[in-house]
Amino acid sequence: MNNAKQTRKVIQDISQVLDGFIRTDEGHPGLLGGYSGAALFYAYYYQLTGKKQHLENVHHVLLRSIAALSEQELPLSHCSGVSGIAWCIQHLIQAGFAEGEGMQDIFEEADAILGNFMEADLRDNNYDFLHQGLGTTLYFLERLPHPAAEKYLRSVVAQLEKAAVVQETGLSWKDHFSRTSQELWERDCFNLGLAHGMPAIITILGMIHEKGIATDVTLPLIAHSVDWLLAVRNPPEGAHTSLYPSMVGMRREAINGMQSRLGWCYGDLSIAMTLWNTGRRLHREDWLQAARDIFEYTLQHRNNKNGSVHDACLCHGSAGIAHIYRRAYLGADDAMLLQGAAHWTQETLTMNTWQDGLAGFKFYSHPEYVNSYNLLEGIAGVGLALIASVDGDTEPAWDRCLLLS
């Protein structure tokens with residue numbers, strides 16, 4: 001079986017498993033961690049196949065998600081809460097997969113709730129993208145050109161400017177979320193993961209700048225924070241294969257070692273995509289070249305073992321790695337990146353071996369492998385990456401929810 005045929009068969013298997021999940025699961029409706037993310041899978045699968053049943057599934061999931069917004073007490077975060085679900089609904093409406101009639105009142109109500117949450121969280125220095133106030137900016141970016149969206153995005157920029165830590169090499173923002181030990185709570189830490197740290201802040205500032213909002217403030221914030229990011233690269237000597245650690249201290253010293261995983265959430269690829277997308281938005285060839293250098297290095301030196309790649313998920317697995325290379329290829333038209341995407345797609349297919357897994361996949365949750373349906377760490381995300389690998393006619397714009405476009 002050739003790769004394209006095998007890939008389409010795996011996508012079909014994922015679809016059939018999700019068919020049951022979206023109709024029977026009584027769990028959480030979150031975008032990245034719940035059933036709402038399945039709507040993205042079905043939308044892009046419909047785009048690939050043209051089969052009406054997949055579009056009907058989009059509408060089924062959306063109706064469930066909209067009902068959950070009014071009937072359940074949900075967190076407000078991007079990963080598992082209201083802002084992620086609302087972003088998903090907006091994305092599907094704007095992409096033409098659903099009608100927006102009757103949604104305006106819901107969005108108007110969400111504006112005030114999410115705006116207040118975002119501003120309060122950022123005032124408390126809660127900058128985590130997945131679970132705190134920063135991720136809500138994606139909802140307001142999708143809401144533009146609505147006046148409320150611009151107001152709240154200007155507020156984000158003002159708060160980030162106020163909270164920036166000036167260092168010798170540039171600007172940075174302290175991590176107040178992922179410090180997992182008493183020792184880390186007692187020191188200043190700066191997170192280098194796209195899921196939780198500096199790369200997410202830089203990427204979002206770039207998105208806001210691209211929209212022409214507060215550009216006199218965003219431009220220096222971005223430039224100086226990228227300077228800082230480039231300066232915290234690991235020294236060339238040492239027993240490590242990572243170019244960047246996962247976290248550093250005030251003196252740029254690596255915390256928890258110099259090695260980082262290969263994936264979306266942390267590691268060299270998350271920094272490469274930050275430099276790539278921000279360089280593209282601000283027309284900075286030097287940042288684009290820095291991203292190319294990282295991509296080339298990872299293709300030559302990183303693998304399953306030294307990248308801690310244990311499964312196929314988007315967050316920290318092979319499908320996410322494949323999609324990052326493919327997304328960069330779409331902007332660079334570089335055969336090296338396409339080859340990298342093909343390699344990691346093949347790695348994903350080789351993980352499709354679990355007899356008791358969902359569509360053949362299980363996902364690593366230390367110390368065991370578990371079943372997961374969701375977008376971030378489960379089969380919905382794997383399916384989206386595989387769809388992107390065989391559908392050359394459709395931009396995988398769903399990946400904006402992961403700050404990849």
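Contact here means heavy atoms within 4.5 Å. The model is a predicted one, in which local features need pLDDT of at least 70 and side-chain atom pairs count only at pLDDT 80 or more, while totals for chains, interfaces and linings use all residues. Residues are numbered from 1 along each chain as its sequence is written, and side-chain values use heavy atoms, with hydrogens and water left out.

Not counting residues up to four places away in sequence, Met-336 touches Phe-295, Glu-296 and Leu-299. Met-336 belongs to helix α14 (residues 335-350); helices (H or I, at least four residues) and strands (E, at least two) are DSSP runs, numbered from the N terminus. Relative accessible area is calculated with a 1.4 Å probe on protein chains only, and a residue is buried under 20%, exposed over 50% and partly exposed in between. Met-336 is partly exposed because its relative accessible area is 23%.

A nonpolar core is a set of buried Ala, Val, Leu, Ile, Met, Phe, Trp, Tyr and Cys residues joined through side-chain atoms within 4.5 Å. The largest such core has 135 residues, and those with the most contacts inside it are Ile-14, Leu-40, Trp-264, Phe-295 and Leu-402. Helix α2 (residues 37-49) gives the most to this core, with nine residues. In soluble globular proteins, nonpolar side chains tend to be buried together. Beyond its neighbours up to four places away in sequence, Leu-40 touches residues that include Leu-31, Trp-87, Leu-375 and Trp-398.

Ile-14 also takes part in a helix pairing, where it is among the residues of α1 that meet α15. Helix α1 (residues 3-24) and helix α15 (residues 379-390) pack at an angle of about 145°, with their axes 9 Å apart. Axes are lines fitted to C-alpha atoms, for helices over the stretch in contact, and angles run from 0 to 180 degrees between N-to-C directions. The crossing of α1 and α15 is left-handed, a term that applies if the near helix is turned anticlockwise from the far one by less than a right angle, whereas clockwise is right-handed. Helices α3 (residues 52-71) and α4 (residues 82-94) pack at about 140°, with axes 11 Å apart. Their contact is made by Val-58, Leu-62, Ser-65, Ile-66 and Leu-69 of α3 and Val-82, Ile-85, Ile-89 and Leu-92 of α4.

Most residues other than glycine have a negative phi, and most peptide bonds are trans. The bond from Leu-144 to Pro-145 is cis, with omega near 10°, and Pro-145 is in the loop between α6 (136-143) and α7 (147-163). Another cis peptide bond joins His-366 and Pro-367, with omega about 10°; Pro-367 lies in the loop between β5 (363-365) and β6 (368-370). Asn-125 has a positive phi, near 65°, and is found in the loop between α5 (104-123) and α6. Ala-359 has a positive phi near 55°, in the loop between α14 and β5. Ala-359 counts as buried because its relative accessibility is 14%, whereas Asn-125 is partly exposed at 27%.
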